[in-house]
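I opened a notebook page for this model and went through it on screen. My entries follow the order in which I looked things up.

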Amino acid sequence: MKYIGIALGTGLLATAALCANAASKDSKPNIIFILCDDMGYGDLGCYGQKYIQTPNIDHMAAEGMLFTQAYAGSPVSAPSRASLMTGQHTGHTHVRGNKEYWQGVPTVKYGVNDEFTIVGQEPYDENHIILPEIMKKNGYTTGVFGKWAGGYEGSCSTPDKRGVDEFYGYICQFQAHLYYPNFLNRYSTQEGDTAVVRILMEDNINYPMFGDDYRKRTQYSADLIHGKALEWLDKQDGEQPFYGFFTYTLPHAELVQPNDSILKEYKKKFFRDKTWGGVKGGRYNATEHTHAQFAG
């Protein structure tokens, strides 16, 4: 298969790394677009970062190109993603802030937690074609894995209505503040979904969303989302070109993650680290090793 793979950060990120294998004039390249949330260009080794190791991204950069005068559409999530999806800058797109649609809605009980019955952000204009729809019109099968933030549940702008064949992740960027969430969203034509559905995290909902017991949750969204993305890639048979839009939530706070070998090494490196108490209402849990967690 021929690939064009793009790694791009959002939020304050002002860079992109492009890794491409040349495709013939008549063929359509397979495209993987990786969006990293709140990663600055200075966080990557290929741009001079000395303390955080990013060997895989550095390898992509070495085989492709670095951008040194590129900017995200906005410093915050929803309008930055809207610029990418619509091709408009924030003076033209109507999505100009992180407008929430879940405030004041009824709640539902998931385990020991009260959760909102509708979550999500301001929808993209249904009359304005967006990136996955463009790819779909050009013969691509499309998969989006990670954060959507382009419409609330049941709105006119959810993945099932905007040219996406397979989606797994967070419809709502506020929900994505929890690395160990109560639920994730899915839309899968292969699973027979007719609309976006919720997938409950059965092992997580038995513990609260904030405090010490939160760390007893085991279903880590970053691993789950990446696993689904790899499953989708493995199913591609070469008969149809594919566009994979991997809108990963990392390293956007909350910065609570498994205490694996990578994190343990960074705890040694940043042994004099800062602590943060978290924000319960914002779904940010406390962390004792902020630099180590971010680096991990």
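Which residues have the most contacts inside the largest nonpolar core? I began there. The model is predicted, so I kept to the limits set for it: local features need pLDDT of at least 70, side-chain atom pairs count only at pLDDT 80 or more, and totals for chains, interfaces and linings use all residues. Residues are numbered from 1 along each chain as its sequence is written, and side-chain values use heavy atoms, with hydrogens and water left out.

**Entry 1: the cores**

I looked up the largest nonpolar core and found 20 residues in it. Met85, Tyr124, Trp148, Phe167, Tyr243 and Phe245 have the most contacts inside this core. I noted the definition: a nonpolar core is a set of buried Ala, Val, Leu, Ile, Met, Phe, Trp, Tyr and Cys residues joined through side-chain atoms within 4.5 Å. Buried means under 20% relative accessible area, exposed means over 50%, and partly exposed lies in between (1.4 Å probe, protein chains only). The elements that give two or more residues to this core are S3, helix H2 (77-86), helix H3 (131-137) and S11. Helices (H or I, at least four residues) and strands (E, at least two) are DSSP runs, numbered from the N terminus.

I then picked out Phe245. Leaving aside neighbours within four places in sequence, Phe245 is in contact (heavy atoms within 4.5 Å) with Phe33, Leu35, Leu84, Met85, Gly143, Val144 and Phe145. A second, separate core has 18 residues, among them Ile32, Cys36, Tyr170 and Phe242.

Strand S3 covers residues 30-36, and seven of its seven residues are buried, so S3 is largely enclosed by the rest of the structure. I checked its faces in turn. Asn30, Ile32, Ile34 and Cys36 are buried on one side, and Ile31, Phe33 and Leu35 are buried on the other. In a regular strand the side chains alternate between the two faces of the sheet.

S11 (residues 242-248) pairs with S3 in the parallel sense over six bridges. Two strands pair if DSSP finds at least two bridges between them. Leu35 has Thr247 as its bridge partner in S11, and Cys36 stands opposite Tyr248. S7 and S11 also pair in the parallel sense, over six bridges. There, Gly143 has Gly244 as its bridge partner.

S11 has seven of its seven residues buried. Phe242, Gly244, Phe246 and Tyr248 lie on one side, with Tyr243, Phe245 and Thr247 on the other.

**Entry 2: charged pairs**

How many salt bridges are there by this rule? I got 11, where a salt bridge is a side-chain nitrogen of Lys or Arg within 4 Å of a carboxyl oxygen of Asp or Glu.

Asp37 forms one with Arg81, the closest N and O atoms being 2.9 Å apart. This pair links distant parts of the chain: Asp37 is in the loop between S3 and helix H1 (55-63), Arg81 is in helix H2, and they are 44 residues apart. Asp37 is buried at 0% relative accessibility. Arg81 is buried too, at 4%. Asp37, Arg81 and Lys147 are linked in a network of salt bridges.

Next I looked at Glu153 and Arg198, whose side chains meet in a salt bridge of 2.7 Å, N to O. Glu153 sits in the loop between S7 and S8, Arg198 in strand S10 (residues 197-200), 45 residues apart. Glu153 counts as buried at 15%.

**Entry 3: Asp160**

Which side chain of opposite charge is nearest to Asp160? I found Lys161, 5.0 Å away. Asp160 is buried yet has no salt bridge. Asp160 lies in the loop between strand S7 (141-147) and strand S8 (166-170). A 2.6 Å polar contact joins the side chains of Asp160 and Thr158. A polar contact is a pair of N or O atoms within 3.5 Å; within protein, one must be able to donate a hydrogen and the other to accept it, and residues adjacent in sequence count only if both atoms are side-chain atoms.

**Entry 4: backbone**

I finished with the backbone. A cis peptide bond joins Leu250 and Pro251, with omega about 0°. Ala149 has a positive phi of about 55° although it is not a glycine, and Ala149 is buried at 1% relative accessibility.

Key
Lys, Arg positive; Asp, Glu negative; His and termini not counted.
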